Amino acid sequence: HFPSCMASSLLEHFERGLTLQRAGDSYAALAEYQTFLDAAQQFEVAPHTYAEVYCNIGTIHARHKHREAARIHFEKALNCRELSSAYVNLALLSLAQSSENVKNGEVQKAQLALQEASVHCARVLELKDDSVSLSTAQRLLRDIDRFKAACATSAQ
């Protein structure tokens with residue numbers, strides 16, 4: 001266990017990062033989140049308690065179109081604890097990749113990315129731990145079905 005002052009400090013870094021992220025100051029938010037992670041790891045805080053931090057970092061990277069960095073952080077979040085929001089964000093990244101593949105005429109790659117997005121959404125439906133993520137996953141699955149039909153048509 002760690003001292004209560006350390007828990008308070010960690011919470012302050014998390015809340016400051018969240019405030020900065022919501023205010024649109026992404027780089028300052030990333031710095032706060034990184035400070036949080038460094039301290040949490042130094043004091044051997046259980047990773048399942050800070051999966052959301054990795055998810056928030058992934059969200060910032062996704063907003064800046066840094067897809068690979070976003071994916072890495074969403075996967076780190078999932079390695080700490082299963083979070084529906086991380087799965088939804090991975091599904092969104094897969095959909096973006098699929099769209100890019102279609103634009104480049106890579107229909108098979110687009111179909112694989114759509115399948116990956118479906119798998120992520122299906123996991124959200126199984127977890128049922130977050131109503132916002134659940135409704136987003138349901139909507140995305142409907143969109144994915146339409147995209148799959150469009151890909152099948154363009155593959156012919």
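Reader: How far is the sulfur of C80 from the closest cysteine sulfur?

Author: A disulfide is a covalent bond between the sulfur atoms of two cysteines. The criterion applied here is a pair of cysteine sulfur atoms within 2.5 Å. The sulfur of C80 lies 11 Å from the closest cysteine sulfur, that of C55, which is too far for a bond. This is a predicted model, in which local features need pLDDT of at least 70 and side-chain atom pairs count only at pLDDT 80 or more, while totals for chains, interfaces and linings use all residues. Residues are numbered from 1 along each chain as its sequence is written, and side-chain values use heavy atoms, with hydrogens and water left out.

Reader: Which cysteine sulfur is closest to that of C121, and how many disulfides does a search of the whole structure find?

Author: The closest cysteine sulfur to that of C121 is in C55, at 14 Å, so the two are too far apart for a bond. The search of the whole structure finds zero disulfides.

Reader: Are C80 and C121 buried or exposed?

Author: Buried means under 20% relative accessible area, exposed means over 50%, and partly exposed lies in between (1.4 Å probe, protein chains only). C80 counts as buried at 18% relative accessibility. C121 is buried as well, with a relative accessible area of 0%.

Reader: How many aromatic pairs does a search of the whole structure find?

Author: Rings of Phe, Tyr and Trp (its six-membered ring) pair if their centres lie within 6.5 Å; planes under 30 degrees apart count as stacked, over 60 as edge-to-face and the rest as tilted. The search finds four aromatic pairs. In one of them, the ring centres of F14 and Y33 are 6.2 Å apart and the planes stand at 45 degrees, so this pair is tilted. The pair links distant parts of the chain, since F14 belongs to helix α1 (residues 4-23) and Y33 to helix α2, 19 residues apart. F14 is partly exposed, at 22% relative accessible area, whereas Y33 is buried at 0%. Y50 and Y54 also form a tilted pair, with 6.0 Å centre to centre and 45 degrees between the planes; Y50 and Y54 are both buried.

Reader: Which residues do ring pairs link into a cluster?

Author: The cluster consists of F14, Y33, F36, Y50 and Y54.

Reader: What span does helix α2 reach?

Author: Helices (H or I, at least four residues) and strands (E, at least two) are DSSP runs, numbered from the N terminus. The expected span of a helix is 1.5 Å times one less than its number of residues. Helix α2 (residues 26-42) has 17 residues and reaches 24 Å from first to last C-alpha, close to the 24 Å expected. Its buried residues include L30, Y33, F36 and L37.
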